[in-house]
Every structure is written in C-alpha cells, then in structure tokens.
Amino acid sequence: MDGNNAKASPSTPPWSEEAERPPLPPRPSELNLMQLTTSTSNASRPPTRAGLVSGATTAVSMADVNSYNRPDGSKELRVTPSRVSSSPSIRAATSNKTSEIGEDNSSIRSYAPFGRYIQDTESIFDGEVQEDQGLSSSFSDGMFEDGPDSFDDEEDVDFDKEFDDPDDKIVGEEMAHNVWKSKRKHFIILSAAGKPIYTRHGSDAVISAYVGIIQTIISSYLDWDDQLRSFRAGGVLFAVLSQSNLFLVGITSLPESEAQLRVQLEALYMQILSTLTLPTLTHLFSVRPSTDLRRPLEGTEVLLSSLADTFTRGSPSTLLSALECLKIRKSHRNVINTTMIRARVDDLLYGLIVAGGRLVSVIRPKKHSLHPGDLQLIFNMIFEAEGIKAGGGDSWVPICLPGFNNTGYLYMYVSFLDMRGDQAREMAENERIAKEDSVAIILLSANKEGFEDLHSMKNYLVHEFRRNQSLRIIHAAVQAGRPAPTDIIAGTVLRHFLYKSKGNVQFFMPSYSPNFETLKQRRRLMSLYHHLHASVHAKHAAVKVHHSVGTSATALAWVTPMFELYCVASPSTSRNALAQSVNKVLQWVQREEERIFIIGGAVF
Amino acid sequence: MADQSSAPKPSSSVKLVLLGEAAVGKSSLVLRFVNNDFQENKEPTIGAAFLTQKISLPSRIIKFEIWDTAGQERFASLAPMYYRNAQAALVVYDLTKPTSLIKARHWVAELQRQASPGIVIALVGNKLDLCAESSGDNDSAADSPADAEEGGAEPGEAEPTDNGDARKISTREAKSYAEEEGLLFFETSAKTGTNVADVFSAIANAIPETSLKGSRGAAGGGTQAALSGAANRADEARVNLADRAKQKSDNCAC
C-alpha cells in the first residue's frame, strides 16, 4: 500500500534495533512435530478463536473435531455460546460417525457424498468446525426476514469505487470522510487500549474519531461483564470479535449475517496470528498493554487488505469454509500425487500444488490434516497479494498456520511455474501473472534451514512433472477454466451453483460466465448465496430445503449431512424445472466426484 | 538454470545477500538487475526471495545466487541464515531517509562481526532519482541545495521537499563512512536503472579469485539432482549444505 517509501514509523529509533529486537519467534528447533501435537491440546491457554482451539493439530480426524464430548468442550461453548444449536440432523449424523471409527486415531475418516462411507480414504482437511461454530450462531435480526426479494435491493451498489482509496491530501478532509462513509464494508482492528491497528479504508485522521467511539462502546460492555458481539443501526451491521487484546470490527451494509461476518473477522485474526503467533501477540500486550501493533505487523497490511477485499467481493470459499480443487482426471491426479510422494524430502510437512487458487494436489503426513483457514491464508498471501508473486524467484517465508499450531512458525517454500508455452519453463520473473494462470509449488517445513532441500525437491518435481506430462495436464485444465453450467448439464435452467462436499471440506462451482461476468453481478450472486446460506444455517433452523423466488432470480438451497447445494436460476424458473436440474447436478457431481474433489489426498 | 553456459569461460557461483531497512528498495534493485524491470508501489517482500542472475566478466562468468531479504524488524532474527557463507552483501539505504543509513551501519557492523571473514560488502544508497541532479555527482551539493527550483527528478513517492530534492544523506557522508569501513560504495536508482548493474559487476570483480573455485551445482543443478533417486537426493542436499558450511569448495555436482 505504501509503496517503496512506506514510512517506518519514526517513533521507534532504528538504532535500538540491535539491542531490543522484537521477541524472537520460537526457534524451529523447538518446532518438531511431537511438540506441535502436544502443545495444541493445552486447554489452559488464553481464550482464542474457538475454531482454532477445537480444530488444531491434535484433531487427527474430523470425527474428533466434530465431537462435542471432548475435554475442552465447555470452553468452546463459552466462546461461542450458540454453536451447539446447529441443525440436529447434521449433528446426529456426524456424531454417529464419530463412534463408528472412534478407535482409529491414526487415520482420518472421510465419507464421500451420497452416503458411501469409505473408511480407508481419508480427508485432507479438518474443517467442519469453523462452519459449525461460525454459522450456527445467532442469526436473529431482520436482515433476511423481509421476504425473498431482499436480494434485489442492491441494484444501487456502486461497487466500482468500493476498493478505491483516494489520498486525503488530494481530496480534502471532508471529501475523505464522505468517501469513507460511502464504502459498503469496513474492517477496523484496534487494540483493547484503543490504538488503531488496521483499517481497510480511510486514513488515521478519518478513522480516529470512530475508533475512539468503537473502543468506548465495546469496553463499556466489557465493564458490565458482557461481550458486545454485534448490533445493527440504520441497515448497517456491526460485528465485533474480541481476541487477545484485539478488537476486530466488521461493518457492513451488504446482505450478510452476523455469523458470516464473524467468520471473516476470524480470518483477519488468523492473519495476524499468522504473522506474529499467539504467544508473541499475548506477550506484546502483557508487557505493554498500550503496544502499537502496527510496528510488528509492518508490511502485512496488504495481506489484511487483500483478505478484506476478498470478503467484500464475496468469496464462496469463505462462505462455505471449504476449498476448491482443479478438475482433472483421477488418474492424472494420482500421477501427480505419486510424484510428490516420491520427491518428498525428510523435512517436508505439507506439499501443495495450486493452480490459479485451486488445489491440484496435496501430500501430508498421516497424522496431520490441513485446516481450510490456514490454506485460505496461504492462498491469499500467494495469489491475492502481490508481495510474493511479483517479486520473482523463489520465496522462503516464515508463517504461522494458526489452525495447525498457533504457537510457532513453519517455513514455506513457494515457487511459481510459468505454464505458458508448450514447455513449461520456470517463470520469467518480470512477467506479471494473472491469478488464474499461475501455478505454484508450495512446500512447508518446520525446519528453518530447509530451503536447499525443498528447492531441490522443487527442481525434481518440475523435472518429473514435465517428463510425465503432468505440467501439460495442469496447464490444460487451468486454460479450460471452470465448465459453464450448460456444459455440465445441457440446457439446464441453472445459472450458477455451489456444491460443498462436507466430508471433503471442498466445494465445486461452475464458471461465472456467461451470466455473472462483472464484479457487480458477481457480488449480487454472492449476496444471494449469503442469503441462502444464512437461511439454512440460521439458529434453530430445521430447514433442509429452501426455495426462494425473487424478481431477479429463483434460488434453492439444500442441506444434507453429506453436502450443501446452492443453486440460482432465472426468476421465471418453475419449481419442477429447478428440482430436475438440481437432481442432475447431484448425479453429475456423483459421477465426477473424484475429478472435482481431492479425496483423501496423498499421505506419507 | 543449470550451468549450461557453452562459453569456455569458467563459471562460479556467488552467494549474495541484500540487507537494509524496509522500503529502501532492495527488491527493486534485484528486480532491476535480474529482469531490468521496475514496479511502482511494490508490495513488501515477505520472508525472503531467492533469485539468480549471471554476469560475464572478461575472465569468467559469475552466477549470483541472490537472497533478497525482507526489511521489517520481525524478520531480523532470520538474517544470519541468509548471510551465513555469503561471499557478498549489498547493504541498502534510502538516500531520502536518514534513519535508513543508521540501520545500514548496523547491518554492516553485524556482517563484519558475524559473516564470513572475506565477505565483500557494498553500501548502496538507493532512490537517486528522487535527488536533484547536482547532488548526485557533487559531493558537497547535498548539504546546500541551493538550486531550489530544480525539479529534475520529481519525488513521486518520497516526502516532497521545498526544492524538489528529497535527498537527506549526502554523498560525502556515506562515502567517507564506506571508505572507513572498506566497503564498496554506490548511489543507485532502481527506478531509472542508474548504477545498478555497476554495483553487481563491481562486486563480481571484488570477489577474491581464491574464493571462486568453479561452480557448485547445489542451487541450479536441479536437473542433475532430479536424475538421482529421491531418497539419495535428500541426502545429497544435506551433504551439500554441510560441505558449504565448512568451506566454499568445488563440490561440483556436475
């Protein structure tokens, strides 16, 4: 954001750097896996994001994650009081399976959609947690109660300017305030002591007064031993997440529920943890409650902003707490997986191939699954922000993955491959790569000194992928893009859909084109999905199928223990036609499921 | 990537690390050197980036293995990993920002204390494009920016000053410091490209011949490594690491 001239705050004398550096991150020597696994189960740590606590590394299976009779269960309830109340049928189904494989601790349970329980395939992600706790929480206000037409009401969104941030000095103070107020969505992070840490929009001058008010309101509730979670004023929803001396505030006039906004705030909090780790964050504030966190977070504003903008544009991945995979043949994916496993070096923790933000392959140790929230942070850093992509070359990045372990750093090797041309060569660094085109090899290790090993592993991978045609296959799949709804089902009435496989914690969607090409159209589609999602995930909702008809679209949401399906069709679509298409989608997904999802992933 | 230079000249790898305060232009210097490109408002580097670039000297080819580190303080504790065994270091400061030179001095001191004894250090003042013409060449001009209206290099991003010259650190000051410490010294602009290639070729020339014993395939020898078995490869890599820690020798994998 600040460009080359970013001002390092002059308040901190640089000569003190030698003597008092910020607290060192935990040394990777302490970061062996054994300790990772034990440390995360420590229930006495300060309260943190509920999803993190429950979804941490020790969760070797989703069964564990979903189980509510775990020792720290009471704490989870305290942090997000409403999470138990998620729909009973889902709960019953999952707890059923918990007992089913309860004795198998070392492998990870997965179940394919449509009720085929396959015990020997494993899920790569632990994930249901986030969804359960985030979205079952209170959904009580009138946002979506005014009938199915409510999603038509944002015709007036001036979305083009949502992401512009004019300079105060140029536009003048009053104008700056007006611009600030015109934004549909804000994210503000401040310390409990009232110091501004981050804002998506507006300069310090613009937001300081608001930050003061926010801090006063939140802390007055704290004085009464109460926690302010959200309120609504004039059609604007305010949600507050209080975590380790931080207040994260989301302010939105887009159609979103509190729970949905809260998930976004949690992702921002995870980004902060990912920079600092929880112990460091706690330490900073325990030493000095008035700590200015901007300094230790310096340089990561762009990461927070790209996350925030992803949420403002509307992200299916965030909404569903799930990941998208690149659609390729099962046999092709197997070749890639096998190559990855064969190339593995001892220090490797996770290996990922990601094409255009979509997962191609994952290899992981048997005992560790991946938290979707962690992957979201990685994808954001690599594909949305420019820091790594534009720099060229290979990157070596210390990163804390809070879902995996929020107490220490892992080291991430990132290398982009240029997929253009017949022969994939290593990327010419000066070429800016579009997100959709870029393919990255991401290798994670707990060893700070692991660069050389991982670098040589990458070289081997590139060589092998070229030899066995995998690069060409990935390239072709990326080029082909997502299929249009009509490619999937000829003549379907559906304009778009989201299918989430709960067991795999992954989702599939067709291309946005031809019906949702522009940013505004997409935002409207995402608003509709948020609306549907909120309806079927509302507190006490027993709704399994939700059909809504509006002036601009007909929509259907269907939730079962296996999947969630959200469909959008034209407004005049009959219910029968819609139902027919939905069934065809399900059949297609069932047929293609090993292509559109990574089932289990490769384990070592 | 692999050493394919068909030229008969011998080729040597040189590990080079860039250090300096955040936002002084380290990555931009590298980008200019490696790709002859410049990006306005480049986002901060996260962690560190590894790039390579070859330059040709009359007698040999030098392949730079460049570690471009992030300048934020929270990454400072990782720096030793990058300058360990480095044969060259670029310590970069921002000509328009006095604190960045202080920071640079700290890096120089740390390198002299802890890096390899023979390390070649270049002190580089970047963002010369933001400084008025005269002060770039004339040692004393910086202190008396008399030619006020000279808007030659317009400060696009630095704090604008009255006279269109954002220079805060005089050439003389930095140069005398560099001479005291035995550093190479340059003022550069990654934006315009001024002096960037010169820095790297000066470094290449300054590396003592004795420490250039042929190339070592570790970083670029991917194909080579790829041909051996995966399990062996890990071991080789480890051996490479260990060898390199001991001495900078020609454990050539080719």
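**From one residue to the whole model**

A: Let us begin with A:Phe231, which is partly exposed because its relative accessible area is 32%. Please note that this is a predicted model.

Q: Where does A:Phe231 sit in chain A?
A: A:Phe231 belongs to strand 3 of chain A, which covers residues 230–233.

Q: Which residues form a nonpolar patch with A:Phe231 on the surface?
A: The patch is made up of A:Phe231 together with A:Ile213 and A:Ile217. Their accessible area together is about 230 Å².

Q: Let us go inside. How many residues does the largest nonpolar core have?
A: The largest nonpolar core has 100 residues. Those with the most contacts inside this core are A:Ile378, A:Ile382, A:Met412 and B:Leu123.

Q: What does A:Ile378 touch?
A: Leaving aside residues up to four places away in sequence, A:Ile378 touches A:Ile399, A:Leu401, A:Met412, A:Ile442 and A:Leu444.

Q: What does the second core include?
A: The second core is separate and has 31 residues. Among them are B:Leu18, B:Val30, B:Ala88 and B:Ala122. As general background, nonpolar side chains in soluble globular proteins tend to be buried together.

Q: Now the aromatic rings. How many aromatic pairs are there over all chains?
A: The count over all chains is 23 aromatic pairs. One of these is the pair of A:Trp396 and A:Tyr411, which is stacked, at 6.0 Å centre to centre and with 25 degrees between the planes.

Q: Where in chain A are A:Trp396 and A:Tyr411?
A: A:Trp396 is in strand 9 (residues 394–399) and A:Tyr411 is in strand 10 (residues 410–418) of chain A. The pair links distant parts of the chain, 15 residues apart.

Q: Are A:Trp396 and A:Tyr411 buried or exposed?
A: Both A:Trp396 and A:Tyr411 are buried.

Q: Which residues form one aromatic cluster with A:Trp396 and A:Tyr411?
A: The cluster also contains A:Tyr413, A:Phe451, B:Phe50, B:Trp67 and B:Tyr82.

Q: Changing topic: how many salt bridges are there over all chains?
A: There are 22 salt bridges over all chains. One of them joins the side chains of A:Lys185 and A:Glu256, at 2.7 Å from N to O.

Q: Where do A:Lys185 and A:Glu256 lie in chain A?
A: A:Lys185 is in strand 1 (residues 185–191), while A:Glu256 is in the loop between strand 5 (246–252) and helix 10 (258–276) of chain A. These distant parts of the chain are 71 residues apart. A:Lys185 and A:Glu256 are buried.

Q: And what about A:Arg294, with which residue does it form a salt bridge?
A: The partner of A:Arg294 is A:Asp204, and their closest N and O atoms are 3.0 Å apart. A:Arg294 lies in the loop between helix 11 (278–287) and helix 12 (301–313) of chain A and A:Asp204 in helix 9 (residues 204–223), so the pair ties together parts that are 90 residues apart in sequence.

Q: Why does A:Arg294 count as partly exposed?
A: A:Arg294 counts as partly exposed because its relative accessibility is 26%. A:Asp204 counts as partly exposed too, at 40% relative accessibility.

Q: Which residue forms a salt bridge with B:Arg167?
A: B:Arg167 forms a salt bridge with B:Glu187, with the closest N and O atoms 2.9 Å apart. B:Arg167 is buried, at 7% relative accessible area, and B:Glu187 is buried at 6%.

Q: Which residues do salt bridges that share partners join into one network?
A: That network consists of A:Arg229, A:Glu258 and A:Arg262.

Definitions and conventions
Residues numbered from 1 in each chain as written. Chains lettered and ligands numbered in written order. Predicted model: local features only at pLDDT ≥ 70, side-chain atom pairs only at ≥ 80, totals over all residues. Heavy atoms only, no water. Core = buried A, V, L, I, M, F, W, Y, C linked by side-chain atoms within 4.5 Å. Buried < 20%, exposed > 50% of the residue type's maximum accessible area, 1.4 Å probe, protein only. Contact = heavy atoms within 4.5 Å. Patch = residues over 30% accessible without salt bridge, like charges linked within 9 Å, V, L, I, M, F, W, Y side chains within 5 Å. Areas by Shrake-Rupley, 256 points an atom, 1.4 Å probe, with all protein chains shown as cover. Salt bridge = Lys/Arg side-chain N within 4 Å of Asp/Glu carboxyl O. Helix = DSSP H or I, 4+ residues; strand = E, 2+ residues; numbered from the N terminus. Phe/Tyr/Trp six-rings, centres within 6.5 Å; stacked < 30°, edge-to-face > 60°.
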